[in-house]
Amino acid sequence: KFAEGVYVYLLTHIHSHHTSGLNPSWNYGTIYCTQVTKELIVSKFGIDPKYVVPLSIGVTHSIPIDMMGVSKMELLPLEANHCIGACMYMMKGYFGTILHTGDFRYDPNLLHQTSLKPHTIDCLYMDDT
């Protein structure tokens, strides 16, 4: 959903409680999500694909977090084990290291993902829907 002064949107998956505000006139900022979720929101909501950047699960991406692209964060999408295209996000930057779960299904194997091992999480945002 559009928020004044926000230019980076992280979409964890396509369920309706995460996609309010998406429509064909979306031009409020860049939406980051998995490739599957990109294909689904472009198809379902008619969003111009230039506003949607697909990310690979388990790969760290450098994402600009200001309009000028000066400040960046490392963004690591992780498997959420929830629905097709769903992911969690680990964000690392001047603000520390944050893990945002989105909707996820716990599996003991999640704790053993090699991409989690080298990180200390400063803040955990757990979705409880």
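On a 1 Å grid over the protein atoms alone, a pocket is an open set of points with protein on both sides within 12 Å along at least five of seven lines, and a lining residue has an atom within 4 Å of a point. A cavity is a set of points where a 1.4 Å probe fits but cannot get out. This is a predicted model: local features need pLDDT of at least 70, side-chain atom pairs count only at pLDDT 80 or more, and totals for chains, interfaces and linings use all residues. Residues are numbered from 1 along each chain as its sequence is written, and side-chain values use heavy atoms, without hydrogens and water.

**View 1. The largest pocket and its centre.** Its volume is about 350 Å³. A volume is the space filled by probe spheres set on the points, which are joined across faces, edges and corners. The lining has 17 residues. Val8, Tyr9, Leu10, Leu11 and Thr12 lie nearest the centre.

**View 2. Strands at the largest pocket.** Strands (E, at least two residues) are DSSP runs, numbered from the N terminus. Strand 1 (8-10) and strand 6 each supply at least two lining residues. Strand 1 gives the most, with three. By class, the lining has 11 nonpolar, five polar and one charged residues. Here Ala, Val, Leu, Ile, Met, Phe, Trp, Tyr, Cys and Pro count as nonpolar, Asp, Glu, Lys and Arg as charged, and the others, Gly among them, as polar.

**View 3. The largest cavity.** There is one cavity of 30 Å³ or more. The largest cavity has a volume of about 40 Å³. Its lining is Thr60, Glu74, Leu75, Leu76, Met90, Lys92 and His119. Strand 5 (72-79) and strand 6 (87-93) are the elements that give two or more residues to this lining. Strand 5 gives the most, with three.

Terms used:
Helices (H or I, at least four residues) and strands (E, at least two) are DSSP runs, numbered from the N terminus.
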